[in-house]
Amino acid sequence: MTEQGRTITTPGSRDRVEDVWGTRTPFGRGAHWPERVDQLLADGVAEGDVDRWVRSACVLCSNGCGCDIAVKDGRMVGIRGRADDPINHGRLGPKGLYASWQGVEHRDRLTTPLVRRDGVLEPASWDEAMDLIVERSRALLEEIGPLSHGFYTSGQLFLEEYYALAVIGKAGVGTPHMDGNTRLCTATAAASLKESFGADGQPGCYEDLDECEALFLYGHNMAATQTVAWSRVLDRLDGPEPPALVVVDPRRTPVAKRATVHLAVNPGTNLALMLALVRELIANGWTDDAWVAEHTVGFEELAEQVKPWTPERAAEVCGVAADDIREAARIFGTTDRVVSTVLQGFYQSAQATASSCQVDNLHLLRGMIGKPGAGLLQMNGQPTAQNNRETGADGDLSGFRNWENPEHVQELATLWGVDAQKIPHWAPPTHAMQLFRYVEQGSIRFLWISATNPAVSLPQLARIRDILSRPETFTVVQDLYLTATAALADVVLPAAAWGEKTGTFTNTTRTVHLSEQAVEPPGEARSDLDIFLDYARRMDFRRNDGGPLLDWAGPEDAYRAWQECSRGRPCDYTGISYDDLRRESGIRWPRREGETTSTDRLYADGRFPTSPDECENYGHDLLTGADVGPEKAKALRADGRAHLKSAPYTGPHEPPDDEYPLRFTTGRATHHFHTRTKTGRSPELDAAAPSVWLEMAEADAAERGLADGDAVEVTSRRGRIVAPVRITAIQPGTVFAPFHYGYWDAPPGAEERHPTAANELTVTEWDPVSKQPVFKTAAVQVARAKGE
Amino acid sequence: MKLPVYLSLIDESEKSLADAYRQMANAHGDEPDIHFLCLAHATQCEEHRAKLAPVIERYGTTGSGGEPERLHHDGVGEPRTGPLGLLRDLQDLYLLATLVDVTWVMVEQAAQALRDAELLQVVEGCDHETAVQLAWLVTRMKQSAPQVLVAAR
């Protein structure tokens with residue numbers, strides 16, 4: 001049998017845990033990426049035993065691979081990739097194979113609501129739990145008003161659930177304090193797209209990986225974060241006409257090992273490198289001047305700003321060779337089809353938005369956008385982050401609308417049947433770190449956290465634990481398990497998982513999938529949508545005409561309402577129905593009513609949504625985050641042209657010094673997702689990466705008398721972790737720890753005695769524009785662990 | 001010629017503003033964005049003074065009649081605490097930055113009349129940065145005000 005169309009049944013062994021990207025199916029530039037169907041069934045279950053296969057997509061990274069869930073006797077018993085899906089052509093990664101269905105069915109699942117009585121969480125009925133929530137919510141709305149309420153959500157709910165929450169938050173409660181953990185993973189992707197192009201929305205698509213002649217990965221360890229997308233790249237690299245690969249990363253990641261040019265920059269110096277790359281493009285005349293003149297604004301200022309950034313100057317700041325910068329610029333400047341992808345190495349580092357905008361600038365300067373193989377992918381870390389942004393559960397106005405544009409606000413008011421004044425639009429939505437600050441100061445006293453674990457994922461954890469433990473704040477946590485966060489809540493609501501509910505989600509490249517319910521949730525667990533709708537009903541939120549604010553019976557009603565909300569907007573879903581999604585595996589937005597084909601690439605016509613009546617915001621000063629505002633934005637007369645934006649380089653705010661001489665940076669492990677809520681409960685994945693570690697360069701270890709495997713204590717101004725050290729080819733002066741390792745599976749008190757969460761060390765700081773926390777540039781010291 | 005009086009005024013105002021930003025950065029360290037951006041703005045103010053130095057060298061600083069004393073301002077007072085104190089402090093900064101901003105405009109007018117290209121270039125860069133500082137202060141105050149005035153305890 002040929003590779004094409006072959007089904008690889010992965011036995012219940014550790015095969016694909018070790019062989020992370022699976023067997024190669026090489027292909028040449030512009031050819032069809034061969035299908036390879038990955039499948040895993042539970043031990044003892046044969047293919048013939050499966051009762052039915054249920055359509056879904058994998059929810060364990062932003063790739064969102066099309067898949068089917070195997071069901072037998074009302075239980076999920078396996079998974080297989082969908083060969084006809086444009087995202088994965090049948091493949092699944094280790095997280096999808098081992099943690100999507102396995103991680104969900106686990107003895108730890110919450111099966112009943114819990115309420116805190118005399119300091120202890122005890123089982124309760126739904127009525128008791130919801131009555132408590134509604135009573136407190138009503139009392140605070142009456143006493144203080146909507147500003148007393150905050151909602152902190154996820155990158156993992158379904159579109160329908162986010163949209164319900166967005167409507168409840170904006171038109172029911174009326175609070176601007178809404179955000180998601182998407183703030184930690186993808187806020188800069190959205191911010192840079194808005195700054196450069198006027199609105200959110202990924203310009204490129206994964207087919208661009210098949211077409212490109214060069215691929216640039218900026219702070220993007222694709223091999224670990226999006227294993228299936230990396231399989232696609234590996235198949236190009238091993239095929240005829242492989243693309244040149246340029247990688248910016250302080251670590252020698254699997255991606256860097258395949259690089260033509262690896263720029264191992266010091267953490268926090270991305271902007272210096274990017275300014276030099278832009279300068280090289282301009283200085284060498286590699287820009288498409290006619291295209292730039294017709295389709296962009298801001299060239300003069302950009303050219304002036306990058307002038308001092310010679311490769312030598314950037315090389316000195318970044319700790320790389322000037323010739324490598326020149327070579328990277330030459331590849332970008334002289335190759336016809338370049339794909340750029342950006343992720344946390346840029347998004348969670350110093351000057352995140354300004355750095356990411358330079359990637360947009362490189363593409364704009366060469367007019368290399370909207371064409372096959374000339375892709376630009378500002379990536380997401382989480383599977384449904386895009387939905388959170390579109391629907392506005394992160395506080396943005398639903399449908400990429402502009403809070404400073406009264407007509408956009410009125411459109412939503414009309415749609416939802418409430419006064420425009422009800423919808424908070426006097427300032428930008430409250431970002432996550434500010435939201436937690438308001439809780440700390442006691443002005444937010446009702447905090448509802450769904451499907452996320454801030455007690456492990458936010459910076460400076462000791463502070464976050466204090467905030468979540470405040471007795472005067474009423475905290476509701478809705479999740480699958482009793483996470484570190486849920487353990488601190490006043491009310492815990494058991495939620496249904498993937499496979500136990502129906503809904504849609506949109507991957508990082510605008511591709512929408514329908515995930516249908518395969519099995520019943522355990523015990524009394526309910527879908528997040530049901531929980532939100534129940535809250536809205538009990539709160540009696542109403543439209544001005546007296547009808548209920550949300551009269552949806554289930555997910556398809558919510559989806560239809562969302563389609564209306566998206567009508568005419570850049571993320572138009574009106575031509576993508578549930579039936580369409582049952583027929584086609586993965587459909588890209590925008591697809592308007594009556595259309596039957598998707599838009600593969602945005603901005604093919606060189607026209608951008610930057611006119612004042614279209615744009616999602618009026619832009620920011622990239623150094624300070626100051627709003628440009630409507631008057632100045634109108635005076636710019638971008639009117640359909642993209643913005644070439646920049647900011648002066650300032651570097652990280654906590655540079656190494658005598659006391660804390662090393663740069664600490666965090667990142668992801670291949671086998672885990674977020675705080676291991678699901679992946680840590682998959683035996684195979686847990687065995688592959690059971691505990692935290694620290695990576696260090698040989699010289700730094702030798703200086704401290706440390707050998708591979710020694711237990712070390714890493715200390716910053718905020719906290720410490722204890723971990724075994726691995727000597728790796730990381731940039732000297734830099735140390736790395738994966739961020740996944742919290743305490744749900746650790747002995748009580750581990751936070752104090754044996755801390756392992758990388759965010760004990762990280763600084764409370766964020767990018768001025770995207771407000772994404774800076775997880776990559778803390779200063780630390782490393783020493784042998786005491787008593788070791 | 002009274003331009004030296006205004007050169008003195010702008011120099012001194014930038015110094016006061018730099019001091020005020022540093023004071024704010026220290027007093028409101030629990031608000032990381034305010035802390036770091038105020039420090040960055042303080043540096044910017046000092047850079048403005050450095051750019052101005054050769055101009056002052058050429059024109060001198062004090063005109064006749066002791067105007068610099070009369071035009072002196074008190075900067076901002078002791079930083080306040082709490083959410084409301086933060087908002088008031090930001091407003092004080094705003095007033096001081098406005099003084100800097102409008103003084104640059106006056107200096108620019110004089111530079112135009114003197115056809116002083118070097119001074120014009122200095123003004124252009126500095127006043128643009130002051131305008132961004134003002135825009136940031138407004139953005140940050142607009143974010144704070146509702147919570148401070150309606151919900152804070």
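At 59% relative accessibility, A:Asp73 counts as exposed (exposed is over 50% relative accessible area, buried is under 20%, partly exposed lies in between; 1.4 Å probe, protein chains only). This is a predicted model: local features need pLDDT of at least 70, side-chain atom pairs count only at pLDDT 80 or more, and totals for chains, interfaces and linings use all residues. Residues are numbered from 1 along each chain as its sequence is written, chains are lettered from A and ligands numbered from 1 in written order, and side-chain values use heavy atoms, with hydrogens and water left out.

A:Asp73 sits in the loop between strand 4 (66–72) and strand 5 (75–81) of chain A. Helices (H or I, at least four residues) and strands (E, at least two) are DSSP runs, numbered from the N terminus. A:Asp73 is not a glycine, yet its phi is positive, about 50°. A:Asp118 also has a positive phi of about 50°. Its loop runs between strand 6 (114–117) and strand 7 (120–123) of chain A. A:Asp118 is exposed, at 83% relative accessible area.

## A cis peptide bond

Most residues other than glycine have a negative phi, and most peptide bonds are trans. A:Trp589 and A:Pro590 are joined by a cis peptide bond, with omega about -5°. A:Pro590 lies in the loop between strand 21 (587–588) and helix 26 (629–636) of chain A.

## Nonpolar cores

The largest nonpolar core has 114 residues. Such a core is a set of buried Ala, Val, Leu, Ile, Met, Phe, Trp, Tyr and Cys residues joined through side-chain atoms within 4.5 Å. Among those with the most contacts inside it are A:Phe197, A:Trp230 and A:Trp498. Helix 11 (residues 270–283) of chain A gives the most to this core, 9 residues. A second, separate core has 65 residues, including A:Tyr162 and A:Tyr535.

## Where chain A meets chain B

The contact (heavy atoms within 4.5 Å) takes 25 residues from chain A and 23 residues from chain B. The buried area is about 2,200 Å², and carbon and sulfur atoms give 57% of that. Buried area is the accessible area (1.4 Å probe) that two parts lose on being put together, summed over both. In chain A, A:Leu147, A:Arg437 and A:Thr624 lose the most area to chain B, together 21% of what that side buries.

There is 1 salt bridge between the two chains: a side-chain nitrogen of Lys or Arg within 4 Å of a carboxyl oxygen of Asp or Glu. A:Arg437 and B:Glu31 form a salt bridge through their side chains (2.7 Å, N to O).
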